[in-house]
Structures are given as C-alpha cells and as structure tokens.
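Here are some notes for a colleague who is opening this entry for the first time. They are arranged as numbered points, to be read beside the sequence and the 3D view.

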Amino acid sequence: MRSVKILTSIVLAAAVFHLGGSDAMAKDKPMKIEKSYFDTTPQGTKIDAYTLCNGQGVTVKLVTWGATIVQITAPDRDGKIGNVALGSDKIAPYQGDYQGSIVGRYANRIAKGKFSIGDNEYTLAKNNGENHLHGGLVGFNQKIWKAKTIKRKDFVGVEFTTTSADMEEGYPGNMTIKVVYTLDKENNLKIEYFAKTDKTTVVNLTNHVYFNLAGTGTILDHIVTLNADFYTPVDEGLIPTGEILSVKGTPFDFTKPNRIGHGFDKLNNDPKGIDHNIVLKQCASSDMHQVATVLEPKSGRVMEVYTTQPGVQFYTGNFLNGAFVGREGPYQQYTGFCLETQHYPDSPNQPHFPSTVLKPGEKYNEVTIYKFTVENAD
Ligand code: BGC
C-alpha cells in the first residue's frame with residue numbers, strides 16, 4: 001500500500017447549458033449509501049446505481065456500467081448544492097463513451113496500436129485514427145462491473161471489480177481489477193485502483209469524469225493551478241514526441257493560478273484546446289502529491305486533486321460536440337474539463353517515460369483524490 005501523506009491540504013458560444021442540481025442547502029447530516037435501479041442495457045442487463053452521501057452536501061452517484069461516476073454534487077460558497085460533473089440518468093449516452101468511467105487496460109494513446117515486451121510484439125485496435133485509445137473497442141468503460149458497498153465510521157464507498165482475459169483487446173495476461181471509490185465527511189472523493197496479472201503486461205488506469213464547477217456555461221473561466229513545470233508535447237495524432245518541455249510561457253503554464261482558456265489563442269491544434277499530459281512534480285515517486293487546484297470564481301467552488309500517479313491528462317473537452325446528451329441536454333465543446341491522473345501516453349513505446357509494465361506477482365496500486373471545498377473556507 002502506498003502511504004497517503006497529503007490529505008489536508010465565456011461563454012464561448014452562449015451555449016444554453018445548465019447543470020441544474022438541487023437548491024437544497026448543505027447541512028450536517030449522517031453519511032449514507034443508497035442502492036437504486038439505474039437503467040437497463042439494450043441487451044437486457046439491469047444496471048445498478050449507488051449514491052454516496054457525506055451529509056455535508058457532497059454526493060457521488062456511481063453505476064456498475066464502466067464503474068462510472070454519473071453525478072457529483074457539492075455546495076457553493078453559500079452552501080447551495082449543485083452538480084459539478086457532467087452526466088446522464090440514462091445508460092444510452094454511456095454506450096461507446098468514456099465519460100465518468102474507469103478507462104483501461106491502457107488509458108490514453110498507444111502509437112499505431114503496437115508495443116513490445118521483450119521479444120513479444122502486441123497489436124491492439126486502432127480506434128483513434130492510426131492509434132490505440134483508452135483500451136480499445138471494448139475497454140473497461142464498457143464492462144459491467146461487480147459492486148460491493150462499504151460503510152465505515154469515517155467514510156462510505158463502493159468496491160468495483162472486473163476481469164480482463166489474456167489477449168482481450170490484444171493485451172497479454174489475465175488481469176483482475178479492483179477500483180474502490182470512497183467519500184468522507186471532509187469532502188474527499190478517493191479513487192483507489194488495484195490490478196494483478198498472470199503474464200507481463202502494461203496497465204494504466206484512470207477515471208474520465210468531466211467537471212464543471214459552475215454548474216453552467218463553459219469551463220474556460222475556471223482558474224487552474226497545476227503542480228507542474230513540464231509537459232509532454234504531442235504530434236498531430238496526440239502521441240508524445242518524447243520530449244519533456246517547460247510549460248513556461250505556453251498555454252500549459254498553470255504554475256500560477258490562470259484561466260483555463262488563457263493561452264488558447266496560441267494553440268494550433270484542431271479542435272483547439274488543451275489535451276496534453278502534464279508532468280507532475282513529485283516529492284517521492286510513490287507518495288501522494290498535489291495535482292491541481294481549480295477555482296470557479298462565481299460559485300466559489302474549489303476542487304483540489306491529489307494522486308500517486310506521475311502525470312495528468314488535462315483535457316478541456318475540445319472534442320465534445322453534442323453527441324453525449326446529458327441531464328441538461330447535449331454537451332458542447334468546453335462544457336467540461338478532465339484531470340485524468342495517469343502515466344504518460346504511449347509509455348510502452350517510450351522507454352524514458354515512467355514504466356507501465358506490470359509483472360506477475362506485482363501489485364498495481366494507484367490513488368487519486370478529488371476534494372471539494374469553497375474559496376476562503378477557513
Ligand atoms: C483524450 C481525448 C479524447 C477523449 C475522449 C481524452 O482522455 O485525451 O483526446 O478525445 O479522452 O473522451
């Protein structure tokens with residue numbers, strides 16, 4: 001187990017977009033976890049939902065499809081509770097999508113769908129142009145996971161488990177995967193990832209939840225600070241070139257609090273926006289370290305992110321095009337941002353990046369925390 005040391009710690013197109021949410025005020029109530037019916041897949045499988053409530057206004061709704069976060073609520077600076085994550089109350093939009101789900105066996109891209117371990121070359125699906133993305137045609141986001149509730153004095157949670165067979169989607173080794181979500185009274189949503197394999201393989205797990213702390217509009221005016229001096233530049237297919245460059249003076253410079261959209265005019269990717277791996281500063285490789293602090297100035301909502309992972313894919317929803325119809329209607333470009341904590345993209349082909357190889361007998365274990373507070377809370 002890794003030690004958890006740090007726990008304390010626009011409107012572009014006047015898109016008519018509202019995340020809604022209840023008008024209830026945050027009150028100190030007991031923590032609880034509720035199981036409910038979510039929806040049924042077109043193949044006839046019933047999908048369950050589990051709602052974690054911490055009695056302070058933070059709730060997290062999870063479903064067995066993709067071990068997905070379908071809703072998060074949090075109080076604003078006046079105690080008013082609203083949605084802070086994109087999502088739907090129906091299964092249909094989640095089919096073939098990554099939103100809110102656990103992504104694997106390899107989150108992010110692997111160049112040309114190929115990698116080698118020793119003398120063995122493995123071939124994966126090219127499901128993103130000429131590259132492999134987010135585990136392939138049927139990734140972990142499209143699996144129906146087993147769920148078990150957890151209730152302790154200090155937190156409530158759900159343990160999700162699934163398996164991935166040897167050569168499934170082209171990856172070697174039978175893998176067992178466990179993802180544990182917990183929510184505590186201090187508004188920490190903790191996601192713990194575990195995996196084991198019986199053959200040497202690669203693994204890179206993350207959650208693909210989109211946040212919008214305003215509950216309305218685009219995310220371009222959210223103020224972000226990243227614990228990072230470097231990023232990995234990419235080619236046109238979003239594959240790292242292998243360089244590790246300084247963020248100084250680039251659109252990826254969030255060393256001081258900065259608007260998400262501050263440098264978009266300097267970007268020439270299409271669609272424009274941030275979709276890059278940021279290299280996190282770490283105290284010691286296996287310790288929890290800070291990823292980001294995000295402030296939404298109007299509501300005063302703040303999200304702090306911590307992880308054991310070496311990188312984070314900062315993605316500003318550039319490709320959102322209305323195809324995902326959420327609770328409030330179709331999600332358009334920039335209506336949500338992701339901070340997908342993970343290893344760097346294409347690590348299996350970039351020997352100088354931190355390794356994503358997992359061998360039999362080893363335990364994959366990573367932790368990420370999203371903490372919801374408000375500005376000037378203390
Ligand atoms: C990637 C984007 C991709 C999106 C799909 C993100 O993790 O970085 O390029 O379009 O996932 O949902």
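1. Helices (H or I, at least four residues) and strands (E, at least two) are DSSP runs, numbered from the N terminus. Residues are numbered from 1 along each chain as its sequence is written. This is a predicted model, in which local features need pLDDT of at least 70 and side-chain atom pairs count only at pLDDT 80 or more, while totals for chains, interfaces and linings use all residues, and side-chain values use heavy atoms, with hydrogens and water left out.

2. Lys 112 belongs to the loop between strand 7 and strand 8 (114-117), and its phi is near 55 degrees, a positive value in a residue other than glycine. With a relative accessibility of 47%, Lys 112 counts as partly exposed, where buried means under 20% relative accessible area, exposed over 50%, and partly exposed in between (1.4 Å probe, protein chains only).

3. His 134 also is not a glycine, yet it has a positive phi of about 50 degrees; this residue is in the loop between strand 10 (132-133) and strand 11 (146-151). Its relative accessibility is 5%, so His 134 counts as buried. As background, most residues other than glycine have a negative phi, and most peptide bonds are trans.

4. Two cis peptide bonds deserve a look in the 3D view. One joins Gly 104 and Arg 105, with omega about 5 degrees, and Arg 105 lies in the loop between strand 6 (102-103) and strand 7 (109-110). Another joins Asp 270 and Pro 271, with omega about 0 degrees, and Pro 271 is found in the loop between strand 20 (258-259) and strand 21.

5. Strand 24 (residues 311-315) is largely enclosed by the rest of the structure, because five of its five residues are buried. On one side are Gly 311, Gln 313 and Tyr 315 and on the other Val 312 and Phe 314, all of them buried, so that both faces are covered. In a regular strand the side chains alternate between the two faces of the sheet.

6. Strand 24 pairs with strand 21 (residues 275-279) in the antiparallel sense over five bridges, pairing being counted if DSSP finds at least two bridges between two strands. Within this pair, Asp 275 stands opposite Tyr 315. Strand 24 is also joined by five bridges to strand 27 (residues 338-342), again running antiparallel, and there Gln 342 is the bridge partner of Gly 311.

7. Which residues are around the ligand? They are Tyr 98, Arg 109, His 134, His 208, Tyr 210, Leu 238, Asp 275, Gln 313, Tyr 315, Phe 319 and Glu 340, a residue being near a molecule if one of its heavy atoms lies within 4 Å of it.

8. An oxygen atom of the ligand lies 2.7 Å from a polar side-chain atom of His 208. For the side chain of Glu 340, the distance from an N or O atom to an oxygen atom of the ligand is 2.7 Å, and for the side chain of Gln 313 it is 3.3 Å. Of the 320 Å² of accessible area that the ligand has on its own, the protein covers 91% (Shrake-Rupley method, 1.4 Å probe).

9. Elsewhere, strand 11 and strand 12 (residues 155-164) pair in the antiparallel sense over six bridges, and a hairpin of three residues joins them. Lys 151 has Val 156 in strand 12 as its bridge partner.

Key. A polar contact is a pair of N or O atoms within 3.5 Å; within protein, one must be able to donate a hydrogen and the other to accept it, and residues adjacent in sequence count only if both atoms are side-chain atoms.
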